[in-house]
Amino acid sequence: MKIYGVAILAGCYLAGQLIGSLLGVWLNIGGNVGGVGFAMVLLIITNERLRKKGLLDTKSEQGILFWSALYVPIVVAMSAIQNVKAALSGGWVAILAGLLVTATCFMLVPVLSRLGKKTEQSS
Amino acid sequence: MEVLEKLLDKNGLIFAFLMIGLLMAVSNWISRKLLRNKLPGTALAILAALVFAWFGGTKGVADFPMFAGMALLGGSMLRDFAIVATAMGASFTEIKKAGLSGVLSLFIGVILSFFIGTAVAYALGYTDAISITTIGAGACTYIVGPVTGSAIGASSEIIAISIATGVFKVILTTIFTPLVAKRIGLDNPNSAMVFGGLIGTTSGVAAGLAATDPKLVPYGALTATFYTGLGALLCPSVLYFLVQAIV
């Protein structure tokens, strides 16, 4: 049943968010620290365990894959609700800082990626 | 007309599904037929969505009652739920392989973004530690900015600038990621995790990677999700003290 997959996804999502929220309280930030990340790791582990035991059939899996496929349209909707006007009216500080930060981070991607590959080879 | 308005008001989310579906169909058609796939359909749809958002207000098109459902479809609940679902296509071994460079990129991403932001603020005439720190925090993400600003007591004007900086970063990342992806080697799980850690703003990373290659989304999202937390941890504390000491 597809709903089983959706329920597994919902369970992992809520558990991950709970861990993230508790971590936020513990670190005294009052936000959610890595809730989505924890949920993703939980889903990967649950998925692997259930598949090994033969408890996850294709139909249940489709319930999760449906939401995974909805991801792109959700991102388009998310772009449509951004505060674009404010971003462009933040003055030169906002524009210059945003531009420099984004450009620098882009350029650092290949540098740090190479680092990842090097440690992989040496180990 | 009144009947239609009432109907759309009641079924906001469903109407949003229809609108996004149509927008993506048109974008994909333009991308295929007119642009010969030079710009991916997804990137085009996101770009169009940003333009529509510009006509709206603080919540983009969702400020128009007719499109209020867009705020639910594009809101953080469904976004995060869908991001978690993409983990189904991720491999745990790849994540473990890129673990170290992912963590490293997180720290470098937060600290570097913060200092570039503070440098710009200082260069453009801000001299007090509170304003400089808040703008630097905004250069991390549009959430770290106001969190830091209210923690150290910045004025609402400065907080608004820090939010604008963060949102502008999201927009730039969204537009330019698919365009520069090849040049910065953004085509494998390892570099996607580094990318997520360096840029950090979940919305930008999510949208940029979706337009580049949806297979990379879970890897980028995994590191990016820790970024805002790390920024909110470091900016109002260690990094603020550091700015205080320098200024």
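1. Domain bounds here come from an automatic or database domain assignment. On that basis chain A has domain 1 (1–81) and domain 2 (83–123), and the C-alpha centres of domain 1 of chain A and domain 2 of chain A lie 27 Å apart. The model is a predicted one, and the points below should be read with that in mind.

2. Chain B is likewise assigned domain 1 (2–74) and domain 2 (91–246). Taken over C-alpha atoms, the centres of domain 1 of chain B and domain 2 of chain B are separated by 27 Å. Their contact draws 6 residues from domain 1 of chain B and 7 residues from domain 2 of chain B. On the side of domain 1 of chain B that touches domain 2 of chain B, the classes are 5 nonpolar, 1 polar and no charged.

3. The contact between the two chains involves 90 residues from chain B and 66 residues from chain A. Helix 10 (residues 156–180) of chain B supplies the largest share of the chain B side, 13 residues. By class, the side of chain B that touches chain A holds 64 nonpolar, 21 polar and 5 charged residues. For a report, note that the size of an interface is often given as the accessible area lost when the parts come together; the figures in this point are residue counts.

4. T174(B) is a residue to look at within helix 10 of chain B. T174(B) counts as buried because 28 other C-beta atoms lie within 10 Å, the threshold being 20 or more. Neighbours within four places in sequence aside, T174(B) is in contact with S79(A), I46(B), G204(B), A207(B) and G208(B). The list therefore includes a residue of chain A, S79(A), as well as residues of chain B. In sequence T174(B) and A43(B) are 131 residues apart, yet their C-alpha atoms are 7.9 Å apart in space.

5. The largest nonpolar core has 121 residues, of which V75(A), V76(A), A77(A), M70(B) and V84(B) touch the most other members. Helix 13 (residues 217–246) of chain B gives the most to this core, with 15 residues. For V75(A), leaving aside neighbours within four places in sequence, the contacts are I46(B), A206(B), A207(B) and A210(B).

6. Helix 11 (residues 189–199) of chain B is mostly covered, with 11 of its 11 residues buried. Among the buried residues are P189(B), N190(B), M193(B), F195(B) and L198(B). Just after helix 11 of chain B, G200(B) takes a positive phi of about 75°.

7. How do helix 11 of chain B and helix 12 (residues 202–212) of chain B cross, and at what angle? Their axes come within 9 Å and cross at roughly 145°, and the crossing is right-handed. In this contact A192(B), F195(B), G196(B) and I199(B) of helix 11 of chain B meet G204(B), V205(B) and L209(B) of helix 12 of chain B. The residues of the contact divide into 5 nonpolar, 2 polar and no charged.

8. A25(B) and A139(B) are 114 residues apart along the chain, and their C-alpha atoms are separated by 34 Å.

9. In chain A, I8(A) is found in helix 1 (residues 2–26). I8(A) counts as buried because it has 21 C-beta neighbours inside 10 Å, against a threshold of 20 or more. Apart from neighbours within four places in sequence, I8(A) is in contact with T46(A) and I64(A). I8(A) and G20(A) are 12 residues apart in sequence, and the C-alpha to C-alpha distance is 18 Å.

Notes. Residues are numbered from 1 along each chain as its sequence is written. Chains are lettered from A and ligands numbered from 1 in the order in which they are written. This is a predicted model: local features need pLDDT of at least 70, side-chain atom pairs count only at pLDDT 80 or more; totals for chains, interfaces and linings use all residues. A residue is buried if 20 or more other C-beta atoms lie within 10 Å of its own, exposed if 12 or fewer, and partly exposed in between; C-beta atoms are placed from the backbone. Helices (H or I, at least four residues) and strands (E, at least two) are DSSP runs, numbered from the N terminus. Ala, Val, Leu, Ile, Met, Phe, Trp, Tyr, Cys and Pro count as nonpolar, Asp, Glu, Lys and Arg as charged, and the others, Gly among them, as polar. Axes are lines fitted to C-alpha atoms, for helices over the stretch in contact, and angles run from 0 to 180 degrees between N-to-C directions. A crossing is left-handed if the near helix is turned anticlockwise from the far one by less than a right angle, and right-handed if clockwise. A nonpolar core is a set of buried Ala, Val, Leu, Ile, Met, Phe, Trp, Tyr and Cys residues joined through C-beta atoms within 7 Å.
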